[in-house]
Amino acid sequence: MAMLEIENLHVTVDGAEILKGINLSLSGGEVHAIMGPNGSGKSTLSYAIAGRDGYDVTEGKILFRGQDIVDLSPEERAAEGVFLAFQYPVEIPGVANTTFLKEALNAIRRHRGEDELDAMQFVRLLREKVKELGISDEMLKRAVNAGFSGGEKKRNEILQMSVLEPALAVLDETDSGLDIDALKIVADGVNRLRGPDRAMLVITHYQRLLDYIVPDHVHVLAHGRIQQTGGKELALELEKNGYAAFTGNTEAA
Amino acid sequence: MSATAETVDQVNTLKDEKYKYGFVTDIESDIAPPGLSEETIRFISAKKNEPEWLLAWRLKAFAYWQTIEDPDWQKPKFPKIDYQEASYYSAPKDMKDGPKSLDEVDPELLATYEKLGIPLREQEMLAGVAVDAVFDSVSVATTFKAKLEEAGVIFCPISEAVQRCPELVQKYMGSVVPFNDNSFATLNSAVFTDGSFVYIPKGVRCPMELSTYFRINEKNTGQFERTLIIADEGSYVSYLEGCTAPMRDENQLHAAVVELIAHDDAEIKYSTVQNWYPGDENGVGGIYNFVTKRAACRGRNSKVSWTQVETGSAITWKYPSCVLLGDNSVGEFYSIAITNNCQMADTGTKMIHIGRNTSSRIISKGISAGRSDQTYRGLVRMANKADGARNYTQCDSLLIGDRCGAHTVPYIESKNASAMVEHEATTSTISEDQLFYLRQRGIDEETAVALVVNGFCREVLQQLPMEFAVEAQKLVGISLEGSVG
């Protein structure tokens, strides 16, 4: 069974249809890249998978491990194992990163019928993860993303992913706003989390991220539909030729 | 209906029934007949075996009260209060009338206590469970009392203080909040039934946080309580007031008076967590919490710090204030006010700088949700002799939803050119981005709101003593249940 099976997905935002019949299938262990021009519906796809309010599924299904999750709340999807690494991670002033992570992990554990971790157990787990990703303790004490640099915010997303251990990770423009060094660090973190039980959907505008996170499949999204699917070499082609072939002069989505 | 509203509602139903029963059986002995007259006041004074001077003071206040009207400049409006309808003396509910054990207490109420993490023993006290002799003899209150007496600290009901140390009470009572201060303080002066009295002798650092929790005999304190705290030279005390559970208060108006006096080098830290019954979702019922709280920093280098977490009551109307008389004295006000459903609040502080180099700090965090409305109203006054005085004020408002209101009304009066006054204010909303981000990590919506709001209030929560802070944080979440979605 596929980890994620998207069938004929239509999504409307503010009355406008943005996604017009997406089909996509990811198995465990696979990394798929979605590439496309600005305004093609990339972020809409990620929000639709995560269940954000205002992204209305008018047709089609999102099957996660065989279950249609369209009617689930964002927190239920998260607890089932869907993770979205945000393009613009949100600042939560006054809430310590550690507090937030513990709250999130225990919410998910409760959902799964597992015991909550106490403060000591959690700190132990967190230390381990932090060490793997080369994140400073100081960053854990600070308020969630507040005053973080672009690189720190993205690294914080990867830390959350590593703590929450989702089955499906959607990375929305994880490379945006990163210089090359930061990009390498983040990509390295993502690669560590690749594994047979996890599928990843990497959404990006540029090919350069895919030099570091090498995908198994590449899809081109334009006008709310997958226009072409191929191997990692497709990304290189796009880099060379741009998206002109897919955008043309037709409507901008 | 949200879980909290339901709980409160059930508690309310319970209390209505109790009230009816209680009234019928107790009327001859412990409850004064409804109405307010000189007779009522003489009755109260006699019940408490008060000295002549106190009765005279009460009567003076009552005579004055009859000549004045309640103020009406506040933002939350309410129908005129019929003072003749209420009963002004009701002895603490007799233990034998209360539930015999926690088994007899409304399970919804207990569920709320549990959410707040209140220990079983305190739950019993809060719910008014009869405390048996065995329990009493090992009670924390008794243990603490001995320890306090050893330090020379006097901590007792004010009616007891009137008997034990009348000279202290007579000297200080009404010296910070005079009987003619405002109509509610005047009424309180005439009819107050009980409250706390604290005296910390010279140079003593009170060995523990004083809390109304540990005053078993006071758990059913009436609606007109009066608190008087005196910190003598070089002493320190931290006092925690209130209770973090819905209280079954039979009466609508809660008009308390709190007076604090800090002498040279003394410090008083006064923390309140107020969670009176807020009324139902449609604004029916609930407490009018009209309290006059004022501190006099009389001594050099004295300091008073007010911290309040106001989540309950239909209307909260209070301005815990500091009169900074002593040179170098310091006044602080840290406030969190949360209003939900139809609650209203008009709260803030007054910092009156009279002495030289006095300083004050005001941090106010207001959270409005539902159809509620709140106003921060504050006065910073620099008198002409307050050379080098400073004030810093920060007022932040957070709005949840689009039907609530937040207003900031800062009054600044400076008669001294060397005084410095700073005021900062922000208004923000909980963003959909923040909620979605937290929910995407598995945190449900209500917990997400509680997290964001707790983050917003962090500076104030940090001022609370540790064990209180934890309860206050949970309370923030509970108060906002049902405010989104």
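Predicted model: local features only at pLDDT ≥ 70, side-chain atom pairs only at ≥ 80, totals over all residues.
Student: Between which two strands of chain B does the loop that holds B:Asn357 lie?
Tutor: Residues are numbered from 1 along each chain as its sequence is written, with chains lettered from A and ligands numbered from 1 in the order in which they are written. Strands (E, at least two residues) and helices (H or I, at least four) are DSSP runs, numbered from the N terminus. The loop with B:Asn357 lies between β14 (344-353) and β15 (359-368) of chain B.

Student: Is B:Asn357 buried or partly exposed?
Tutor: A residue is buried if 20 or more other C-beta atoms, placed from the backbone, lie within 10 Å of its own, exposed if 12 or fewer, and partly exposed in between. Because B:Asn357 has 19 other C-beta atoms within 10 Å, its class is partly exposed.

Student: What is the phi of A:Glu173, a residue in a loop of chain A?
Tutor: A:Glu173 stands between β9 (168-172) and α7 (180-192) of chain A, and is buried because 21 other C-beta atoms lie within 10 Å. Phi is positive here in a residue other than glycine, with a value near 45°.

Student: Which element gives the largest share of the side of chain A that touches chain B?
Tutor: Counting residues in contact if their C-beta atoms, placed from the backbone, lie within 7 Å, the contact takes 22 residues from chain A and 17 residues from chain B. Elements giving two or more residues to the chain A side are α2 (74-80), β7 (92-96), α3 (97-111) and α6 (150-164). The largest share, six residues, comes from α3(A).

Key
Contact = placed C-beta atoms within 7 Å.
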